[in-house]
Amino acid sequence: MPKSDQAEVQFEAAVPTVADRVAQTVVKQHLEPILEPIFLPDSYGYRPKKSALDAIAVTRERCWRYDWVLEFDIRGLFDNIDHALLLKALEKHTMCKWVTLYIKRWLTAPLQQEDGTLVERTRGTPQGGVVSPVLSNLFMHYAFDVWMTRMFPDLPWCRYADDGLVHCRTEEEANAIKASLQTRLAACGLEMHPDKTQTVYCKDSNRKDSLPNTKFDFVGYEFRARGARARERGILFTSFSPAVSAKSLKAMRSETRRLNLRNQSHLSLEEFARIFNPILRGWIAYYGKFYHSAMWPIYRHTDFTIRAWIMRKYRRLSGHKVRASMLMQRIAKQNPSLFAHWRFGGIGAFV
């Protein structure tokens, strides 16, 4: 076989082909029923009947009970999983030889660099592989989940893929666990991300110490002190709670600009809404679940985008923001369900 053909075959092995994706799906369907019963409840990433919102909900409740949080992130988890340790864990739970054979093949498929050279792989899971999330969860089950439960059984934790939290009673306890976890991860061939790992003080009305770290981000939400109102008495107080993070808001604005709908004046407003509403509904369903008012900047940005489209669509309104806003308000009054966010703030609330 010519060398060029050999390189082509090797490259196809590095990036999952359609056939590999089908095979990986079959392997995933074989492994999930075996592994799900042994995975622990506080592992939330890439698991059936569990979601990031579940992780947010349980973290919010625990932040109310524990003063400190160790937030940690594992640098390049999917790229640094030790093959020998992963296969050892895999063989503990399945005796199916064809499953092990296929996984070994996917793990060791050479990786092609930008310059075309092929590099043998001894670490990491297949990039974009259907089976990679299951394999990473299996690896982290033993590298962190089981270890944490055994070493610190009285402290709750939560993990979503490579992002994790440990709730602690004191700063000293959080720092001690950080040091222990760093050693544990190193023994498994992993590394804490130095810029994304920190100890955080859950400041609220009852915790008034002045400390530098009083907020953290987790799966697209930012946890920090926020104004709240008691449901029963209506009393205002400060709660340590989650809301959509600044990074997530920035990403949503970037996605809106990427779509460039404001400049697509050939569309009708109904077509504009039909394109954008599925995206907007997804954001609302996820980021609007907790502390919904923090989504207002995106609603406002969306209305500004609609107004810009109106000014481009109708030449007589070019440059007339007030008149364009008035037209948008009339449209919203006639059809308040046209855009998914209009039902939250009343007509024209975001312009």
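**Close-up 1: T197 and the residues it touches.** In this predicted model, T197 touches L70, E71, F72, D73, K178 and M192, leaving aside residues up to four places away in sequence. You'll find T197 in the loop between α8 (171-187) and β6 (198-201). T197 counts as buried because its relative accessible area is 8%, under the 20% cut-off.

**Close-up 2: The largest pocket.** Here we look into the largest pocket, which holds about 500 Å³ of space. Its lining is made of 24 residues, and E71, K196, D217, F218 and K247 are the ones closest to the centre. Two or more lining residues come from each of β1 (68-73), β5 (163-168), β7 (216-218), β8 (221-229) and α9 (246-259). Sort the lining by type and you get nine charged, eight polar and seven nonpolar residues.

**Close-up 3: The second largest pocket.** This one has about 370 Å³ of space. Among its 16 lining residues, W64, A228, F237, S239 and S241 are closest to the centre. The elements giving two or more residues to this lining are α3 (52-65), β8 and β9 (236-244). With six residues, β9 gives the most. By type, the lining of the second largest pocket splits into seven nonpolar, five polar and four charged residues.

Notes:
Residues are numbered from 1 along each chain as its sequence is written. This is a predicted model: local features need pLDDT of at least 70, side-chain atom pairs count only at pLDDT 80 or more; totals for chains, interfaces and linings use all residues. Side-chain values use heavy atoms; hydrogens and water are left out. On a 1 Å grid over the protein atoms alone, a cavity is a set of points where a 1.4 Å probe fits but cannot get out, and a pocket is an open set with protein on both sides within 12 Å along at least five of seven lines; lining residues have an atom within 4 Å of a point. Grid points are joined across faces, edges and corners, and a volume is the space filled by probe spheres set on the points. Helices (H or I, at least four residues) and strands (E, at least two) are DSSP runs, numbered from the N terminus. Ala, Val, Leu, Ile, Met, Phe, Trp, Tyr, Cys and Pro count as nonpolar, Asp, Glu, Lys and Arg as charged, and the others, Gly among them, as polar. Buried means under 20% relative accessible area, exposed over 50%, partly exposed in between (1.4 Å probe, protein chains only). Contact means heavy atoms within 4.5 Å.
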